[in-house]
Amino acid sequence: VMSHLRSSLKDPKGFNDNTMAYIDVIDSMSQEENHSLRYAFLRADSIRMVTRTLVAIAPHMSTPAGSRYFDIMVSSFRHLYYCLNSTSGFTWVLQAIKAGLLSAFCDCSPRYAELQLEGQEIIVDIVQDLLPKYLVYKSVIKAVGVSLRMIERSQQMSKVLKVITTPIIRS
């Protein structure tokens with residue numbers, strides 16, 4: 001599954017219909033905590049590959065074509081939600097941030113209001129609860145700093161600010 005996902009990410013024509021199936025398989029087979037399949041996917045670089053998938057689809061999320069990628073976005077965030085805190089979460093969080101998680105979070109934000117409550121909670125939990133726990137590590141702080149500077153330079157933050165009044169942001 002991972003090799004097929006890698007191939008679909010390299011395809012110059014963009015995602016094919018199988019990309020959703022690859023992400024779904026990875027997501028559904030890694031949801032159970034402490035399951036050997038979850039650890040197998042983590043060893044196979046699923047965090048980086050799923051995050052890169054999010055980064056690849058994220059710019060399309062604010063366009064009419066974004067609905068085509070909606071399910072991939074949901075499954076990708078769900079996989080990250082279940083796996084970022086596995087074993088040494090520090091490793092996985094750092095991988096996700098370096099692969100562009102914060103950028104993808106900003107670019108996908110125009111679609112958050114369309115998510116069901118569970119999907120909204122997953123995304124909020126990743127950014128508001130899970131990631132901050134790892135900000136005690138210098139390498140995570142540096143990676144977040146680099147990401148935030150890139151986001152500020154690219155005006156991606158304005159996408160998030162447009163959605164700030166929707167239910168996705170909770171206090």
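**Aromatic pairs and a cavity**

Ring pairs link F77, F105 and Y112 into a cluster. This is a predicted model, where local features need pLDDT of at least 70, side-chain atom pairs count only at pLDDT 80 or more, and totals for chains, interfaces and linings use all residues. Residues are numbered from 1 along each chain as its sequence is written, and side-chain values use heavy atoms, without hydrogens or water.

Rings first. Phe, Tyr and Trp rings (six-membered ring for Trp) pair if their centres lie within 6.5 Å; planes under 30 degrees apart are stacked, over 60 edge-to-face, the rest tilted. That rule gives five aromatic pairs. Take F77 and Y112: centres 6.3 Å apart, planes at 75 degrees, so edge-to-face. F77 sits in helix α5 (residues 70-83), Y112 in the loop between α7 (101-108) and α8 (117-133), so the pair ties together parts 35 residues apart in sequence. Helices here are DSSP runs of H or I, at least four residues, numbered from the N terminus. Both F77 and Y112 are buried. Buried means under 20% relative accessible area, exposed over 50%, partly exposed in between (1.4 Å probe, protein chains only).

Next, Y134 and Y137. Their ring centres are 6.4 Å apart and their planes at 20 degrees, so this pair is stacked. Y134 is buried at 10%; Y137 is partly exposed at 37%.

The largest cavity is lined by M73, V74, F77, R78, L115, G119, I122 and I123. A cavity is a set of points on a 1 Å grid, over the protein atoms alone, where a 1.4 Å probe fits but cannot get out; lining residues have an atom within 4 Å of a point. Helix α5 gives the largest share of that lining, four residues.

Note on methods: Helix = DSSP H or I, 4+ residues; strand = E, 2+ residues; numbered from the N terminus. 1 Å grid on protein atoms, 1.4 Å probe; cavity = no way out; pocket = protein on both sides within 12 Å on 5 of 7 lines; lining within 4 Å.
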